[in-house]
Amino acid sequence: MQNHNVQLNAGGEKMNLFGSFTYLNQQGLIQNSAFQKYDLRLNPEFKVSDKLKLIGVLAYTNTITTNPSTGSAEFIIRQAIGLPAIGGGKFGPGMYGNAGQSNNRNPIAMAEATGNSVSKGNTLLTRFGFNLRPIDGLEVEGYWGRQTTNPTTKTWVTNADIYTPNLTTSSYTLVGTWPGTTSLSESYTNNVYTTYLGQATYTKRFGAHTVKALVGGQSELFTNYFFGASRQGFVNPNQPYLNLGSGTRDNNAGASELALAGFFARINYSYDDKYFVELNGRRDGTSRFSQARNKQWGNFGAVSAGWIFTKENFLKTILPYVSYGKLRASIGGNGNQNIGNNYAYDAFYSQSNYSNPINGTNAYFGGTTNLGLALLQFANPELSWETSKQWNIGLDVQVFKHFTVSADYYVKTLKNMLLQRTLPQSAGGLTNPFVNAGNMENKGWELSVNYKNQFGKLGVDVTGMISDVKNKVLNLVEGTPFIGDGIRTAPGEALGSYFGYVSAGYFSDSNDVKNSPVQFGQAWNASPTVGSKPGDVKYADTNGDGKIDANDRVFIGNSFPRYEYSININLTYGNWDMNIFGQGVGQRNNYLSGTGAVPFNSADFAASLLDIHKDYWRPDNQNATFPRLLPSGSGGNNFLLASQWIRSAAYFRIKNISVGYTVPKQWLNKAKISNIRIYVSASNLLTLSKAWKGFDPEINSANAEFYPLMRTYTAGVNVTF
Amino acid sequence: MKKYTIILLSSAALALGACQKFLDRKPLDASSSSTFLSNQAEMEQGLIGVYAAGMWSIANNTPMHYAIESSTDLALRRPGNADDQIALGDAGFLFNNSLPISAWNAAYRLVQRANQQIVGMENGKAAVNAAVYNRIKAEALVLRAWGYYHLMGWFGDVPYYRAMPGVTEVLGASRTPVATIAADMYKDLDEAAAAFDAAGTPAVQTLGRVNKGVALGLKAKIAMLIKDYRTAATASKAIIDGGQYALNPSFPALFNSPGQTANAGKEIMFIQMYPTDVNEPQNWMTVIGVPRQVTNSQSSHFPSQQLVDQFEDRLGNRIDASLTYDPANPRLNRDRRLFWTLYMPGDTMVHYASKTAILPYNNLRERTVFNIYSNIRRKFNWNTGAWDNVTGNNDWIGAQAAGIQWQVSATGSIGGVGYVWNKYNDTTQYTFESKVGFILMRYADILLTYAEAKIELNEIDGTVTGAINAVRARAGQPATLLGSQTALRTLLRRERAVELAGEGHRLFDLRRWDIYSKANSFNVVGAALDPAVPPAIPTFDADNIPDYSASINQRIRFRAQIRTNTNVKYKLWPIPQSEIDNNPKLTQNTGW
């Protein structure tokens, strides 16, 4: 990895210019995986007169992201880990082994020999604005801004040769190519974001009173356009150009828009810099909701107050050890319309290819494919703003000179929260609609403590933070819970809670099976392949009806993190400095399935067993972590969503440690350098958690398909001229 | 100075005044349901979208009906798959089996697409010629009825929609009785039939589309489902009397692309088409049926011994009553449809298993004598014109004992029970990219439906034997004479099995005949373990159900599988649990 940054600041009486240039180059964990970024920024400022300033922003960013084209890095790494010992890896240059996966797929070939997908991002931000102070106390600002991004992606898929050892001839036999079809697809996207903003602020101070008033408005328009084309059947793996493809051709395009408008006003009043009051109001409109049904606009407001009590003379004597103290309180509301989908309010006809038969709209008659249209998205014309109401009290104090403490408690209630409603498939299998689902509450608190002191040459600066928030759905409009894949949202529970069976250990022997409630309609059966056997998960009869079925599922946790904390330690000693940053989560549930739960798990064909899976049930190992060992795909009911597979994801991690040395000034004067700092740092040095080895507790991925956490060591130098 | 102030004020004013318009954004690349379907071209496009939802596949490329057939007594599926687990009954059919879920989803997708069309096209009713409008609507009505027919047959009472429901409606829907839905479908199909007549729609307008014949045929099938034999007889008789359809003189021509394109006699009335102008989707029926001694690939769907033994001898006798049936050579002297439907050991198979010739054995076509009894493959050498013995046979049933490992680890089944499918083995195109269509309704089925309805009504006359004998005659089987209701019922049921095997009718047939539990509970056995020791001929009960208990040790076993479907709950599939989770008003089928 390389990261370079150059900054420039040049000033004059009439003009001021800030410029910076950044270059970042990062190699991924596997071949064909890299990220490169150039960033150039110029902020010119012209002083036309004492009252008028013109301000410009010009920023250009260029990124190049490279990934393997036939699978994500996460997928390839997981496949490589799961590759059975008997699966062939690589026999020689360009000779990949039959790894026992679907259709000769081989993770090494996927990473290095089947092409890559290169995405180039070009972002140009231009903004032009002014700042005018026509009379004392009045400031008028406005700007026009436009950000254009033009990402292009080129995905090139080539074939790798797959071999198996031939034991008779002691050589290798070519068994086929993977993925079998070569292809190239290119896409071009044009995203334009245009915004206008105008606001005026009037500030007036008379005596101990300060009044500040602001009014303004802003409009935002996002437009998106893309087109893409692809072909199959390329002969030369080094010529990725569309004109050379001889197979199936395809192309497509799309466009969408989103418009937002808002008007806002704010009044601040303070007395003696001791008492503060703020009134806030805004009116927001969005094109995401139905204009015909008058659902586009929402009004929101807030009031807040503050009191710096340490300025009160009567308290100074009572609280002599408090050098600063402020009490804060606020109540207010906000709106949310951010649902991703720009046109959820109406049903639209769209076309979709055969490649997705679930939603395809094409049909073949009379020797040709006829392009059809259908409604693929379930519309909700009644959709409107989600509003939040939050009240908050907070306290900031500085005590005993070296301690700063900040504490907050808040309750945030979401009304008409925007959620995507899972509908029964009998609604036609359309994309689920967004609905104003009901109300939800978040209750939380935050506490941060800072200690800062200097002991001779030793400087100490330590900050600790801890926060918690508890989420609860208050009610749902339709009454019925929201059901996702293994998760469920219902009143009284956290949003998206796990809903499943309760495990009551394993069946210890055949009598245990016979004497327990019948599991899923299958009573004890002597046949070795029928029904529950010793070592299978025994589910609890939570509703007490003497049998285990879908009605025994209950809420068994949720993945919301609780008690998030962090600690940041800064130490300096002379020219040396040191930083340690750690963070953690006190309580959290992760649901494990796939590789995390099932030995030999694989979506297709052969896979291996992880070390953790060796602790499976045996008559002499009744308290095993995993149920009895069965061939892949025949786990019966053992891997249903159940409390068995909810694991603690609490952790503490040292995210970063760095040590730096600043070169003494006297050594630098001759070189006209004002500052040099040399540093080394290490990230992700230590993690304490109960997660399976190799699983990252920070990521809620049940099947272990994630980019492995990297321990990175960095050395660098900062030079200031 | 002033200049800048003026610029600000004017742009702010513009923003305020234009706000409503600024926020009025419609999709740029799609049409709103409030305005679309306003003319004929748009209605035709919407109709294509409805047809698209009628393409029912498992894992994209296996026709759903074909997969479902593997859950019945006529077929087997490689262990571990959803259809195999359904077949196992008590030993495998769990409430969360994926096949009923896929089937439910596919059928409702079709129903709601049709609802979108039927209701949506009212936007443009005034702008379109009435006959054309009614014809387009008629096609959507038939497709919707096709969806409900299957939903009722699979699940019984189901939520019933005649228009796209709203959020609240769909979350609170209860199950509508089959009788109510069927009565409505009768009316819809009658309306459709009349509309096709008025529009002059030809008997087979284009392969893959529906028409009057399909409307009437579907009405007959819905009537059979609810055992309304009168309506079934009338509707199927109307097709026969219409004279638009006849049997294709060649049975095999029904199951390859050139034969389907020619569609001699217009026997194919409704078919699931696969596009030849794009690579995907393909019909994988041939791929998954090719034995491994041909391609090394993973044959996974197999015919059963039960199916093999339904085929009569050439004199029209069931094998237990045959004078010509030879247990040592069971493939000889049999109804020709046996060979046209499946390959038995000793049959000469033809496959189009390679895209380019790999001589000497593959000249695009590859000829192999199906062998499961030794570690050799008998291949036709195109260079010499002779038959060669090639060592190494992945279908050899002795392989496991001989320690040749992959055959058991990969599929565990050693090539089914000694038989592989030949029906739909289209040798006119490369197997791995096959575009052969999957027939959803053909005239032979209509003839047999008519005969069955009349037999059940006990109105047995020459038209009944005429219909059965037309089907039999094409295969070269002797005509049957008028007989008792019981005798004809037995014959008719056997005829449906051998004529329509693998085409996805069996599940509904067994349920209609109330013999699903009996027919689908057995030890899975197959061909002789040792060709020198012919297994005893099975006995049959009145429903043609064979009993192999006398020969079980002489036959290939299919991984010791025992199917147990005696529980009455198997009369219907379970409603997908997620449907009930999302809508507590929906009740589960009894026993599930």
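This is a predicted model: local features need pLDDT of at least 70, side-chain atom pairs count only at pLDDT 80 or more; totals for chains, interfaces and linings use all residues.
**View 1. Chain B as a whole.** Chain B holds 22 helices and 18 strands. Its radius of gyration is 27 Å, close to the 25 Å that the globule rule gives for 592 residues. Chain B is therefore as compact as a globular protein of that length. Along its principal axes, the C-alpha trace of chain B spans about 105 × 65 × 50 Å.

**View 2. The side of chain B that touches chain A.** Here 69 residues of chain B are in contact with 69 residues of chain A. Several elements of chain B give two or more residues each to this side. The helices among them are α1 (2-17), α2 (19-22), α3 (40-52), α6 (98-120), α8 (167-171) and α22 (577-582). Strand β1 (31-32) of chain B also belongs to the list. Which element gives the largest share? That is α6(B), with seven residues. By class, this side of chain B has 36 nonpolar, 22 polar and eleven charged residues.

**View 3. An open sheet with strands from chain A and chain B.** Three strands line up in the order β21(A)-β18(A)-β1(B), and the pairing is antiparallel. Which strands stand at the edges? They are β21 (374-375) of chain A and β1 of chain B. Each has a single partner strand, so one side of each is left without a neighbour in the sheet. Look next at the pairing between the chains. Strand β18 (residues 348-350) of chain A pairs with β1(B) over two bridges, in the antiparallel sense. Phe348(A) has Ser32(B) as its bridge partner in β1(B). Now turn to the pairing within chain A. β18(A) and β21(A) are also joined over two bridges, in the antiparallel sense. There, Ser350(A) stands opposite Ala374(A) in β21(A).

**View 4. Two packed helices in chain B.** Helix α17 (residues 443-456) of chain B packs against helix α19 (residues 485-500) of chain B. The angle is about 160°, and the axes are 10 Å apart. An angle over 145 degrees counts as roughly antiparallel. That is why α17(B) is roughly antiparallel to α19(B). The crossing of α17(B) past α19(B) is left-handed. Which residues of α17(B) meet α19(B)? They are Ala444(B), Asp445(B), Leu448(B), Ala451(B), Glu452(B) and Ile455(B). On the α19(B) side, the residues include Leu488(B), Arg489(B), Leu492(B) and Arg496(B). By class, this contact has seven nonpolar, one polar and six charged residues.

Terms used: Residues are numbered from 1 along each chain as its sequence is written. Chains are lettered from A and ligands numbered from 1 in the order in which they are written. Axes are lines fitted to C-alpha atoms, for helices over the stretch in contact, and angles run from 0 to 180 degrees between N-to-C directions. Helices (H or I, at least four residues) and strands (E, at least two) are DSSP runs, numbered from the N terminus. Angles under 35 degrees count as roughly parallel, over 145 as roughly antiparallel, 65 to 115 as roughly perpendicular and the rest as oblique. A crossing is left-handed if the near helix is turned anticlockwise from the far one by less than a right angle, and right-handed if clockwise. Two residues are in contact if their C-beta atoms, placed from the backbone, lie within 7 Å. Ala, Val, Leu, Ile, Met, Phe, Trp, Tyr, Cys and Pro count as nonpolar, Asp, Glu, Lys and Arg as charged, and the others, Gly among them, as polar. Two strands pair if DSSP finds at least two bridges between them. The radius of gyration is taken over C-alpha atoms; the globule rule is 2.2 Å times the number of residues to the power 0.38.
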